[in-house]
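Me: Please take a close look at a single part of this model and describe it together with its surroundings. One connected answer is enough.

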Amino acid sequence: MNLAFDSSTITHSIQLSVAPVFLLTAVAGMIGAVAGRLARIIDRARVLENSARHSDDAEFLARALLELSYLRTRGRMANGCIGLLTLCGFLIGVTIILLFLGETTDFRGHTLALGSFLSGVLSFLLALVLFFVETVMATRILNFHMLRAQGPAPATTPASTPATRQP
């Protein structure tokens, strides 16, 4: 394996292999965001389980069990998302190594680099789909029990507001 040590080849190699690093930055940001969501899911599940253990209200227990099942599913989706993002980061790292080796040595790994890059992008897209589904599930559990218990808000008429009263 011959190593090319002239400065223009090394500079071009670094430029070529650094381009996928921008995707790694996006992956790192997404992992942070999804890990934060997963932490909130776990915290909410712990609080809900503790409240359910100390409650005898059948309606509350039914709602708690439903929400816990949603939280479990959301947690699994977040874990899957983190797994896909980690796989994406690994594949992009392999792409960088293959591109760098292909430019600085006689190693011909451009086909492998293309495959690893496209696989990394595919895993990133699948992670985005899981992230979207998890966020949709997060809003589905919201049913605003307190708002339903109050009933409709009373309508105000323009004549009854202080700014429009006639003397």
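**One part and its cover**

Reply: α2 and α3 are among the elements that cover the buried residues of α4. The model is a predicted one. The buried residues of α4 are Ala 113, Ser 116, Gly 120, Ser 123, Phe 124, Ala 127, Glu 134, Met 137 and Ala 138. With 31 residues at 1.5 Å each, α4 should span 45 Å, and its end C-alpha atoms are 45 Å apart, so the two values agree.

Helix α2 runs over residues 21–53, 33 residues in all, and reaches 48 Å from its first C-alpha to its last, close to the expected 48 Å. Its buried residues are Leu 23, Val 27, Met 30, Val 34, Arg 37, Leu 38, Ile 41, Ala 45, Leu 48 and Ala 52.

Next, the packing of α2 on α3. The crossing in which α2 passes α3 is left-handed. The residues of this contact divide into 25 nonpolar, five polar and five charged.

The loop between α2 and α3 contains Ser 55. Ser 55 has a relative accessible area of 18%, and because buried means under 20%, it counts as buried. Leaving aside residues up to four places away in sequence, Ser 55 touches Phe 60 and Leu 61.

Technical notes. Residues numbered from 1 in each chain as written. Predicted model: local features only at pLDDT ≥ 70, side-chain atom pairs only at ≥ 80, totals over all residues. Heavy atoms only, no water. Helix = DSSP H or I, 4+ residues; strand = E, 2+ residues; numbered from the N terminus. Expected span 1.5 Å × (residues − 1). Buried < 20%, exposed > 50% of the residue type's maximum accessible area, 1.4 Å probe, protein only. Contact = heavy atoms within 4.5 Å. Left-handed = near helix turned anticlockwise from the far one by under 90°. Nonpolar A, V, L, I, M, F, W, Y, C, P; charged D, E, K, R; others polar.
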